[in-house]
Amino acid sequence: MHYHIHAVDPKAHLFEVTFTLKNANPSQIFSLPAWLPGSYMIRDFAKNIIEIDAKENLQSLAVTQLDKQTWQLNNQGSDITLCYQIYAWDLSVRTAHLDTNHGFFNGSSVFLAANGLESQPHTVTMAKPALAELAHWTLATSMTRASGEQFSFGDFSAENYDDLIDHPVEMGELTVETFFAAGVPHDIVLSGKHRANMARLAKDLQAICEYQINLFGTPAPFKRYVFMTTVLDNGFGGLEHKASTALMCSRNDLPLSLDAPVDKGYRTYLSLCSHEYFHSWNVKRIKPAEFTPFDLSQESYTSQLWAYEGITSYYDDLITFKSQCIDEKGYLTLLSQIMTRVYRGEGRFKQTLKQSSFNAWTKFYKQDENAANAIVSYYTKGALFALYVDLTIRIETQGKYSLDDVMRTLWQQYGLTGVGTESSSHQQIVEALLNRPCDDIFTYLDNTDDLPLKELLAQVGVNMSLRTCEGVTDLGGAGATGYNIGFGAKTKAESLGLKILTVSQHSPAHQAGLSAGDLLIAADHLQVTSQFEQQLQSRTLGEQITLHWFRRDELMQGTLTISEAALDTISLSIIDATKTQLWLG
């Protein structure tokens with residue numbers, strides 16, 4: 001079966017696909033996935049299909065839609081051709097986007113599957129855009145090339161449908177840099193206006209990639225890898241694939257010189273690359289039994305996402321440090337911020353890590369303004385659980401083993417064999433390393449208790465302290481003292497006051513009656529500004545002030561009681577560098 005795809009009308013954001021299928025089944029059924037691996041939410045990609053025309057032996061065929069993403073032909077079983085257009089205007093890493101600046105798509109949003117024939121080889125012709133002024137565009141993908149020079153349009157092949165949709169495609173005016181990690185070529189591809197120093201990107205990503213390949217063991221599980229990044233004025237995102245990753249970043253996140261310091265933005269970008277690259281092993285090949293194989297027609301539930309996103313979220317920053325891209329202080333700052341994100345949410349007392357994993361489809365991927373009060377992230381708390389397991393193994397075995405050994409065992413037993421992990425698989429491996437039952441460790445997957453990290457960190461020479469927050473820019477870490485008076489709401493400055501974005505349960509803002517969406521305009525009959533929280537610090541505990549705010553078009557009033565700020569912000573600092581070697585050495 002063969003697909004032909006080209007950007008038929010970039011100004012209207014339209015890709016056109018022609019799908020030729022020889023020896024089709026009688027009454028052949030076609031479908032498009034409802035979601036794609038790595039993004040656990042029903043996306044309904046089929047909503048972007050614009051009419052489907054079908055022919056058999058050059059004669060038009062009737063097409064009957066069976067449901068939102070499935071169609072059936074009235075064919076006799078011979079060669080058939082489908083032609084359809086895809087509206088591509090989702091600027092994300094998940095779907096498809098096309099204009100005169102660039103084009104991008106995941107196969108799951110553009111390639112219809114021929115049901116029952118998914119295991120057969122698939123081929124694709126990717127043609128240049130129809131507009132003559134875009135004839136200079138080049139193309140990047142990790143899909144196996146059958147014709148054409150590297151980064152040109154041409155013919156490609158895939159082993160089966162799952163392989164076909166696991167290689168996203170970027171096209172446009174691309175900047176490319178290539179480096180080798182453990183002998184494997186890696187391409188960095190940037191799309192969008194930027195001034196990035198490509199040699200610096202290659203140097204740092206090479207260090208990160210080589211560390212990860214060596215962690216799991218050579219050879220790498222791919223023959224070539226592609227980092228594809230859409231550069232925007234303000235953007236962030238990533239999605240893993242078997243031999244590539246699709247990323248989005250702000251152009252301010254990229255380094256401008258070979259010796260530029262690693263600032264906050266670049267540190268974030270490197271961690272993002274590290275995260276998605278680690279997924280090449282942990283979820284693309286080592287994966288839950290529920291994902292072996294994937295059912296892309298509907299939700300596929302698993303309680304194991306804490307292991308696949310949480311462990312990956314632990315390693316992304318850690319490997320950025322271990323590969324010497326950031327220093328020890330920078331790493332502890334990142335870890336402090338992850339811990340702070342967990343500790344600032346009341347939801348950690350209401351949802352377990354397994355529940356968080358299972359309910360990713362609704363509660364995590366469809367978060368509302370109350371999410372911090374109701375759920376916990378399997379990314380962030382999962383990362384803390386991974387830290388807990390790693391420290392426990394290191395301390396109990398005096399450094400003989402670590403979480404690295406768990407990951408290597410997972411790779412050997414599950415990644416290389418294609419067998420999916422069960423809910424007990426990780427615990428069984430840890431028990432083998434520690435030579436004891438580990439219910440005391442893994443019980444934290446099923447309860448909502450805070451992890452006993454302070455004691456473990458102290459044993460590796462790191463002090464973990466809780467302090468108050470110092471305003472909206474304080475994400476955690478050392479260097480801030482925190483406010484004495486708390487408010488308990490995230491806000492955004494507006495011309496007439498402060499827009500309430502979220503309200504923490506049990507906080508002074510909650511008790512005063514404020515809700516997300518309110519526009520706070522006055523405190524004690526004076527207009528509030530962006531300095532409101534700082535101004536509260538001069539108040540006396542127990543004092544009460546009158547607030548006025550608009551909820552929709554109604555003026556409302558409440559009383560704010562001046563209260564102590566919550567201890568919800570983490571600071572980490574080294575107190576014994578000798579002990580720290582057991583973990584960070």
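This is a predicted model: local features need pLDDT of at least 70, side-chain atom pairs count only at pLDDT 80 or more; totals for chains, interfaces and linings use all residues.
In general, the strands of a sheet pair through backbone hydrogen bonds, either parallel or antiparallel.

## Aromatic rings

The structure holds 38 aromatic pairs. One of them is formed by Tyr3 and Phe19, whose rings are stacked, with 4.1 Å from centre to centre and 15 degrees between the planes. This pair links distant parts of the chain, since Tyr3 belongs to strand 1 (residues 2-9) and Phe19 to strand 2 (residues 14-21), 16 residues apart. Both Tyr3 and Phe19 are buried.

Elsewhere, one aromatic cluster is formed by Trp35, Tyr40, Phe291, Phe294, Tyr301, Phe358, Trp361, Phe364, Tyr365, Tyr378 and Tyr379. A ring may also have a charged side chain over it: Arg348 lies over the face of Tyr343, at 4.7 Å from the ring centre.

## Cavities

When the whole structure is searched, five cavities of 30 Å³ or more are found, and the largest cavity contains about 60 Å³ of space. The elements that each give two or more residues to the lining of this largest cavity are strand 10 (102-105), strand 19 (225-232) and strand 21 (244-250).

Of these contributions, that of strand 21 is the greatest, with three residues. The residues that line the largest cavity include His97, His102, Phe104, Glu170, Met228 and Thr230, and also Ala246, Leu247 and Met248.

## Helix 4

Helix 4 is followed by Gln324, a residue whose phi is positive, near 70 degrees.

## Strand 26 and its partners

Strand 26 (residues 519-523) is also mostly covered, as five of its five residues are buried. With strand 25 (residues 497-503), strand 26 pairs in the antiparallel sense over two bridges, and here Leu498 has Leu520 of strand 26 as its bridge partner. Strand 26 is also joined to strand 28 (residues 544-551) by four bridges, and these two strands run antiparallel. Leu520 takes part here as well, standing opposite Trp549 in strand 28.

A further antiparallel pairing, over two bridges, brings strand 26 together with strand 27 (residues 526-527). In this pairing, the bridge partner of Ala522 is Gln527 in strand 27. Strand 26 and strand 27 form a hairpin that has two residues between the strands, and in this hairpin Asp524 takes a positive phi near 50 degrees.

Conventions:
Residues are numbered from 1 along each chain as its sequence is written. Side-chain values use heavy atoms; hydrogens and water are left out. Rings of Phe, Tyr and Trp (its six-membered ring) pair if their centres lie within 6.5 Å; planes under 30 degrees apart count as stacked, over 60 as edge-to-face and the rest as tilted. Buried means under 20% relative accessible area, exposed over 50%, partly exposed in between (1.4 Å probe, protein chains only). A charge sits over a ring if NZ of Lys or CZ of Arg is within 6 Å of the ring centre and within 35 degrees of the ring normal. On a 1 Å grid over the protein atoms alone, a cavity is a set of points where a 1.4 Å probe fits but cannot get out, and a pocket is an open set with protein on both sides within 12 Å along at least five of seven lines; lining residues have an atom within 4 Å of a point. Grid points are joined across faces, edges and corners, and a volume is the space filled by probe spheres set on the points. Two strands pair if DSSP finds at least two bridges between them.
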